[in-house]
Amino acid sequence: MTVFDELHNPVACEWHIGQLLRTMNQLRDGRPSPMVVRDTSNIRWLTAFDGVFDDEQAHALYVAPDRVVLHTDSRYAKACEQAARRTPVRVDETRESHASFVARQWMGSWLHGMPGAELQIEDTITLAEYRALQKAFPAEFSIGETDGVVRRLRAVKERYEVARMKGAQSITDAAFSHIVEFMRPGMMEREVQLELDEWMLRHGAQGLAFATIVATGENAANPHAVPGIAMLEAGQCVVLDFGAKSYGYCSDMTRTVFLGEPEGQMRDAWRTVREANETVEAMLAPGVTGKEAHERAEAVLAAGGFAGAMGHGLGHGVGLDIHEEPVLSTRNDEPLAAGNVVTVEPGIYLPGKFGMRLEDFGVITDDGFEVFTKSTHDLVVI
């Protein structure tokens with residue numbers, strides 16, 4: 001049995017649903033609290049359905065102690081029914097609004113009418129859907145709001161999730177090896193981006209984790225630059241930020257390559273960015289906070305002469321989505337836990353001159369940080 005099979009659909013689904021029910025029970029002090037989940041990534045994680053969902057927010061999952069029901073439509077119903085075999089999930093394709101579906105599930109449950117019972121919704125639900133739920137239930141019925149409950153559960157990854165992200169990263173690392181052989185001065189950013197994207201898709205990626213960034217010259221000083229017609233020129237550096245998706249899970253890496261040997265401030269910046277990355281990766285462990293990690297990186301950048309040149313958070317969680325919890329930033333005072341998967345991506349951005357970033361991602365282990373990214377930290381010169 002492989003790690004992919006170890007917590008495959010039936011077992012993973014039951015475990016995730018159980019985690020949510022136990023959490024909701026604790027939040028509500030033991031009072032019954034069914035929940036409706038609308039975020040597709042949260043639904044995918046809870047059900048552990050593979051090869052079923054796309055990016056459309058077309059589904060609602062009703063989770064209660066007595067039933068777990070997925071409301072979908074005819075476009076997805078058969079795939080959902082097949083994936084739901086041997087799981088606690090029932091599939092309902094009744095042609096009605098999600099609000100009507102939720103009300104029907106509630107009215108048919110033994111929870112209906114119990115003192116203190118309350119329907120929980122995700123705080124990301126749209127106002128329109130909230131209003132629809134209000135209309136579907138009696139005026140005196142209580143609707144409570146959860147604050148990222150499922151996303152916090154998703155923040156601690158299981159072994160099969162880690163294995164999937166390692167697989168996605170192996171494609172990404174191979175793509176980097178390819179693109180540095182492909183790139184040449186005179187190419188446009190967009191040309192490099194297309195080659196990188198197509199190579200990943202041709203070599204095992206189910207999709208792209210996010211829109212690939214290729215930025216050179218002054219454009220590289222914009223952390224989220226959109227690749228365009230700017231030409232790669234000798235003496236510049238090029239930021240490559242990209243990732244693949246495999247079995248639904250994302251990878252994320254950034255490398256900066258140089259069109260000729262860097263000198264002066266550019267070489268100093270690269271040395272400093274690398275030191276910041278490696279210093280933080282060496283300190284990451286359970287109990288370290290996201291704020292502490294970010295501040296350590298900022299201290300290294302400042303000591304290298306680049307105080308205030310990063311401007312963004314040091315890192316973020318990765319999983320089914322490219323941005324998940326936890327974050328490595330001044331906003332996060334919470335200690336990291338074993339199983340958190342995070343990026344470490346210090347950068348230096350000097351408007352009008354250049355920008356660079358060095359990003360790995362990996363998992364917090366019981367005694368440190370296991371980096372998934374295998375591409376070199378050494379200077380890459382084309």
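Two strands pair if DSSP finds at least two bridges between them. Strands (E, at least two residues) and helices (H or I, at least four) are DSSP runs, numbered from the N terminus.

## About the model

This is a predicted model, where local features need pLDDT of at least 70, side-chain atom pairs count only at pLDDT 80 or more, and totals for chains, interfaces and linings use all residues. Residues are numbered from 1 along each chain as its sequence is written, and side-chain values use heavy atoms, with hydrogens and water left out.

Strand S8 and strand S9 (residues 237-242) pair in the antiparallel sense, over four bridges. Thr 216 has Val 238 in S9 as its bridge partner. Strands of a sheet pair through backbone hydrogen bonds, either parallel or antiparallel.

S8 and S9 belong to an open sheet of three strands, in the order S8-S9-S12, with antiparallel pairing. Strand S8 (213-216) and strand S12 (253-258) are the edge strands, and each pairs on one side only. From one strand to the next, the twist averages 15°. Helix H8 (residues 159-182) packs on this sheet and touches S9 and S12. The direction of H8 makes about 15° with that of S12. Such angles run from 0 to 180 degrees between N-to-C directions; axes are lines fitted to C-alpha atoms, for helices over the stretch in contact.

A hairpin of two residues joins S2 to S3. S2 and S3 pair in the antiparallel sense over five bridges, and Tyr 62 stands opposite Val 69 in S3. S3 and S4 run parallel, joined by four bridges. Here His 71 stands opposite Asp 92 in S4. The chain crosses from S3 through helix H4 (residues 77-83) to S4, in a right-handed β-α-β crossover. Right-handed has a simple test: with the strands pointing away from the viewer, the path from the first strand over the helix to the second runs clockwise.

Is S3 covered or open? It is mostly covered, with five of its five residues buried. Buried means under 20% relative accessible area, exposed means over 50%, and partly exposed lies in between (1.4 Å probe, protein chains only). Arg 67, Val 69 and His 71 are on one side of S3, Val 68 and Leu 70 on the other, and all are buried.

## Strand S5 and its partners

In strand S5 (residues 119-122), Leu 119 and Ile 121 point one way, while Gln 120 and Glu 122 point the other way. All four are buried. Strand S1 (residues 35-37) pairs with S5 in the parallel sense over two bridges, with Val 36 opposite Ile 121. S5 also pairs in the parallel sense with strand S6 (residues 143-146), over four bridges. Leu 119 has Ile 143 in S6 as its bridge partner. From S5 the chain crosses through helix H6 (residues 127-136) to S6, and this β-α-β crossover is right-handed.

Helix H5 (residues 98-107) is largely enclosed by the rest of the structure, because seven of its ten residues are buried. Among them are Phe 101, Val 102 and Trp 106. The buried residues of H5 pack against elements including S1, S5 and H6.

Helix H2 (residues 9-27) and helix H3 (residues 40-47) pack at an angle of about 115°, with their axes 6 Å apart. From H2, residues including Cys 13, His 16 and Leu 20 take part; from H3, Trp 45, Leu 46 and Thr 47 do. Contact means heavy atoms within 4.5 Å. Ser 41 lies in H3 and is buried, at 17% relative accessible area. Beyond its neighbours within four places in sequence, Ser 41 is in contact with Arg 154, Leu 320 and Asp 321.

## Backbone details

Which peptide bond is cis, with omega near 0°? The bond from Glu 325 to Pro 326 is. Pro 326 lies in strand S14 (residues 324-328).

Arg 86 has a phi near 65°, a positive value in a residue other than glycine. Arg 86 lies in the loop between H4 and S4 and is exposed, with a relative accessible area of 70%. Tyr 247 also has a positive phi, near 50°. Tyr 247 sits in the loop between strand S10 (244-246) and strand S11 (249-250). At 44% relative accessibility, Tyr 247 counts as partly exposed.
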